Amino acid sequence: MGRCSASHLTPYLLPRGGAPRLLIRYQAIIFDLDGTLIASEKLALEAGAAALADMGFTVPEGLLEAMIGRDDDAAHALLEAGIGKVDRTELAGRIGAAFERRIAAGTLELRPYAHELLDLLDASPHPLPRAVATSAQAPSATRKLAATGLAPRFAHVVTRNCVTSPKPAPEPYLRAAAMLGMTPETCLVFEDSDIGAEAARAAGMTVVQIPDLGAASGRHADFLAPDLIAGARAAGLLPAVVAPQAGR
């Protein structure tokens, strides 16, 4: 599986000005990970709430949800703005341990139709290359992809370690496009959060937004849909008649 590192960053193209065009034929697909392919946001919120409670903090309603889609630095800054100084190392350790326990217990699930959509894409006469662009650190992303069986389904993964400017900056998606050998305007993106959708739109890509737990305005999306299959239909990636049964 292709991954970038700090010592070997793939050059990427900056998008031209203007909103992305609606393409009749896409040339590549890029997926966000947490909240889009993997239903990890609920587990992360539960782990974070439990860890902060154990540390003696009372978290205002909606604060943890507002952190969804942000990279670690931005999320921690938002957290401290809401509840004051927090020992980042202790918090990360507690959340990481709680999250790993949940993964070990088999409670990390996929979003509805994740494998089904990938199966349909693989079955196409001309399968499109695809990648993952996530705000997660590389070790976390690797564990999640392995635990859910998604690892062999993506040739390239762009993590927080790969970029200087994380989402909502366009760099993660621009790097993913470069790794796929595609120009940004030919890429279709699946995202759950407004922050991620903003990043993809800023990269000049067509955006399908599938909201998970966080509030989603859809203002940066070309298509807003309740699930991955519905989003793929709306974007013209799949025929409207496709209606698989979830279950994998």
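I first looked up what covers the buried residues of α1, and the list includes α2 (63–66), α3 (72–83) and α4. Helices here are DSSP runs (H or I, at least four residues), numbered from the N terminus. The buried residues of α1 are E41, L43, L45, A47, G48, A51 and L52; buried means under 20% relative accessible area with a 1.4 Å probe, protein chains only.

I noted that this is a predicted model, where local features need pLDDT of at least 70, side-chain atom pairs count only at pLDDT 80 or more, and totals for chains, interfaces and linings use all residues. Residues are numbered from 1 along each chain as its sequence is written, and side-chain values use heavy atoms, with hydrogens and water left out.

Next I checked how α1 (residues 41–54) meets α4 (residues 88–104): they pack at an angle of about 135°, with their axes 9 Å apart. That makes α1 oblique to α4, oblique being what is left after under 35 degrees (roughly parallel), over 145 (roughly antiparallel) and 65 to 115 (roughly perpendicular). On the α1 side, the residues making the contact include L43, A47 and A51, and on the α4 side they include L91, I95 and F99; contact means heavy atoms within 4.5 Å.

After α1 I found G56, whose phi is positive, near 90°.

Last, I turned to A235, in the segment after α9 (228–234). Is A235 buried or exposed? I found A235 buried, with a relative accessible area of 6%. A235 touches Y26, L188, V208 and F223, leaving out residues up to four places away in sequence. Y26 is 209 residues from A235 along the chain, yet their C-alpha atoms are separated by 9.7 Å.

Definitions and conventions
Axes are lines fitted to C-alpha atoms, for helices over the stretch in contact, and angles run from 0 to 180 degrees between N-to-C directions. Helices (H or I, at least four residues) and strands (E, at least two) are DSSP runs, numbered from the N terminus. Buried means under 20% relative accessible area, exposed over 50%, partly exposed in between (1.4 Å probe, protein chains only).
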